[in-house]
Amino acid sequence: ALSEWSKMEIAKKLLAGRKRTKEKTGFPCGGRPVFGTKPEQVKWVWRILYMHRDGYTKSEIARALNYKPAYRGERIRKFWYNDTVATIIRFWDHRAEYSIEKMKQIFLDPVQAKLIFP
């Protein structure tokens, strides 16, 4: 009984730590890291969200990222899958840092727009 109680206390502490980390960073603690949290991945998230908001389907986005010459030269992934694109859209589309207002600001700055959209 004592070992069960001890294990339960450890589990509570770990859960509390995970909740604090999620509140502090905004990302889930543990498990596979979310695509787009690293600086070199941000422009790919912008590209995917722009195409999604422009009316492309997930398979069309994956096909464009895989086969258009403008995107192939600086590819960050070996191959883009429909599920990967869908996960990125599901996770990032509603976040404030990728809002439509921020996208409009990027288009107003031609230097920044050229970095994200070749």
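**Reading the rings around W92**

The charged end of R95 sits over the ring of W92, 5.6 Å from its centre.

User: What counts as a charge sitting over a ring?

Analyst: NZ of Lys or CZ of Arg must be within 6 Å of the ring centre and within 35 degrees of the ring normal. R47 also lies over a ring face, that of W44, at 4.5 Å from the ring centre. Bear in mind that this is a predicted model, where local features need pLDDT of at least 70, side-chain atom pairs count only at pLDDT 80 or more, and totals for chains, interfaces and linings use all residues. Residues are numbered from 1 along each chain as its sequence is written, and side-chain values use heavy atoms, leaving out hydrogens and water.

User: How many aromatic pairs does the structure hold?

Analyst: A pair of aromatic rings is described by the distance of the centres and the angle of the planes. Rings of Phe, Tyr and Trp (its six-membered ring) pair if their centres lie within 6.5 Å; planes under 30 degrees apart are stacked, over 60 edge-to-face, and the rest tilted. There are 7 aromatic pairs here. F91 and W92 have ring centres 5.0 Å apart and planes at 80°, so they pair edge-to-face. W92 and Y98 are edge-to-face too, with centres 5.1 Å apart and planes at 70°. Together, W46, F91, W92 and Y98 form one aromatic cluster.

User: Is W92 buried or exposed?

Analyst: Buried means under 20% relative accessible area, exposed over 50%, and partly exposed in between (1.4 Å probe, protein chains only). W92 is buried, at 2%, and Y98 is buried as well.
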